[in-house]
Amino acid sequence: MLLPRFEKSVPHAARTFSNLRGKVLHNEMGYQFDDKENECVRFVNVLQYVMVLRRAGFPDSEIELVIGPLFNCNYKYMDNLMNE
């Protein structure tokens with residue numbers, strides 16, 4: 001659900017994040033992100049959590065339940081709660 005809010009493809013999101021990283025590390029330490037750039041950083045942050053949980057052996061269905069509340073996207077959690 002986060003990717004469509006930010007960009008249409010993962011490669012485009014990756015390029016945008018790489019460009020932001022370059023700005024901050026090499027040129028503009030005080031650079032202020034705009035809303036779209038903040039979404040990119042948020043997307044990469046979520047992706048990082050997902051990768052850690054996968055390495056820990058969690059199935060995708062449980063990862064969705066963990067990630068949703070952490071990043072204020074509780075659709076899956078609320079859907080399961082209402083169906084119990």
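User: How many Å does helix 3 reach from its first C-alpha to its last?

Analyst: In this predicted model, helix 3 covers residues 35-55, a run of 21 residues. At 1.5 Å a residue, the expected span is 30 Å. The span in the model is close to that, at 31 Å.

User: Which helix has the highest confidence in the chain, and which the lowest?

Analyst: The chain averages a pLDDT of 77, and 74% of the residues score at least 70. Helix 3 has the highest confidence, at a mean of 84. The lowest, at a mean of 56, belongs to residues 2-6, that is, helix 1.

User: At what angle do helix 3 and helix 4 pack, and how far apart are their axes?

Analyst: Helix 4 spans residues 60-70, and its crossing with helix 3 is right-handed. Helix 3 contributes V46, Y49, V50, L53 and R54 to the contact, and helix 4 contributes D60, I63, V66, I67 and L70. By class, eight of these residues are nonpolar, two are charged and none is polar. The angle is about 140°, and the axes are 10 Å apart.

User: Which residues of helix 3 are buried?

Analyst: Buried means under 20% relative accessible area. The residues of helix 3 that are buried are E37, C40, F43, V46, V50 and L53.

User: Is S18 buried, exposed or partly exposed?

Analyst: S18 lies in helix 2, residues 10-27. Its C-alpha is separated by 10.0 Å from that of C40, 22 residues apart along the chain. The relative accessible area of S18 is 44%, so S18 is partly exposed.

Definitions and conventions
Residues numbered from 1 in each chain as written. Predicted model: local features only at pLDDT ≥ 70, side-chain atom pairs only at ≥ 80, totals over all residues. Heavy atoms only, no water. Helix = DSSP H or I, 4+ residues; strand = E, 2+ residues; numbered from the N terminus. Expected span 1.5 Å × (residues − 1). Buried < 20%, exposed > 50% of the residue type's maximum accessible area, 1.4 Å probe, protein only. Axes fitted to C-alpha atoms, helices over the stretch in contact; angles between N-to-C directions. Left-handed = near helix turned anticlockwise from the far one by under 90°. Contact = heavy atoms within 4.5 Å. Nonpolar A, V, L, I, M, F, W, Y, C, P; charged D, E, K, R; others polar. pLDDT = per-residue confidence, 0-100.
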